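Please study the sequence and the structure shown below, and then work through the exercises in order.

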Amino acid sequence: MSKSEKSNKSFILGLLFLINFIIGLGLLGAYLSTHISPNTIPYLSFLGLVYPVLLWSIAGFSCLWLFTRFKYLLFNLLIFGLGFNHFSDFYAFNNSTTVHPASALKIMSYNVRIFNAYNTNNRISTRNNIIKFAKEENADIYCFQEFYHQEKPTSFKTRDTLTKVLKAKNYHERFTHETTGKKFFGLATFTSLPIIHKGFVAFKNDSKNYCIYTDLLKGKDTIRVFNAHIGSIRLSGNDLSIFENYKTESMDKKEEQIKGIIERLKIAFEKRANQIEQVMQEVEQSPYPTLLCGDFNDTPVSYCYKQIVKQLNDSFTKTASGTGKTYIGKIPSNRIDYIFYSDQFRPYEFKVHNKDYSDHKPISAYFELKQ
């Protein structure tokens, strides 16, 4: 190799390392975003959102440095090591084949997207598929988000059908709003266990998101189950069209849509931070073993997730493997639905169910109270 070729190679590798270095700083920012509220530094949370992209970019550069510049690889290893706890939240490794004991409770959480009630083409089949699936899973506790119920008379029964076909016939529901025709939207928890108390957490910054909790009697023990729907982004159809028509949209239209999405994401990050702080205050005051599940609209590398795991454990990271992607809507995302538990429980067999009846996949796990 000639001197000029060596010089060009060194220049290109140096330029690539500069890009690598900037991405590394982005990863450090993502780590930092889990500790700083979006209400303090709003846009820092965006780095947590793109954590998978930053992570795989660093991995790609590391493969390059392994064969070209080993000293550059050491930088990436340092960055990765500093955030290994975030990686283990994002990607779980569990080889255990331990089967749940017969005494364990099965809980399912599912954002059912109002059972597709307003899609006249397949609303009935979607609702029926969700109810059929729920029945087949035979859970002891179901936590539904974006639940829909219409008072009689109606041809679109949800609650009444669920109480007929599930063994979980007791329910606690709380609706965030209603429309004409006595149509209600909100949260519902169904259970086969006796309900001895019902409560709720009303969010100060958004009446359309909510959290309810239900105290259940398990033998001689009482447990508390929180069912939460935290801070939706609420992107409009105009916002979402960029994911379908990116190649055909004009540059001005793309810029307008991207700005709109960024602003809505910023508002949602700030809103979720306040809401999860409210929920965790309630969790802290719980006198019973506690389960917290629902649609949190935030990834494992986020301020909200970090606030939760300060008090509770993530059943996915303890019993599952992989990334566990739960959101299957138009926006690229990963795991945003969770089942957390307090130390009094022992978790088993977390599962993300491969069902596409909603824009979220249902999740479930088993829990046994420690003696």
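**Exercise 1.** Where is the place of isoleucine 328?

*Solution.* The model is predicted: local features need pLDDT of at least 70, side-chain atom pairs count only at pLDDT 80 or more, and totals for chains, interfaces and linings use all residues. Residues are numbered from 1 along each chain as its sequence is written, and side-chain values use heavy atoms, with hydrogens and water left out.

Isoleucine 328 lies in the loop between helix H12 (315-319) and S10. Helices (H or I, at least four residues) and strands (E, at least two) are DSSP runs, numbered from the N terminus.

**Exercise 2.** Classify isoleucine 328 and aspartate 314 as buried, partly exposed or exposed.

*Solution.* Buried means under 20% relative accessible area, exposed over 50%, and partly exposed in between (1.4 Å probe, protein chains only). Isoleucine 328 has a relative accessible area of 29%, so this residue is partly exposed. Aspartate 314 has 2% relative accessibility and therefore counts as buried.

**Exercise 3.** Describe the surroundings of aspartate 314.

*Solution.* Aspartate 314 belongs to strand S9. Its side chain makes a polar contact of 2.8 Å with the side chain of arginine 335. Such a contact is a pair of N or O atoms within 3.5 Å; within protein, one must be able to donate a hydrogen and the other to accept it, and residues adjacent in sequence count only if both atoms are side-chain atoms.

**Exercise 4.** Which strands are the edge strands of the open sheet?

*Solution.* The sheet has 6 strands in the order S5-S6-S7-S8-S10-S9, with mixed pairing. Strand S5 (195-202) and strand S9 (313-314) are the edge strands, as each pairs on one side only. Two strands pair if DSSP finds at least two bridges between them.
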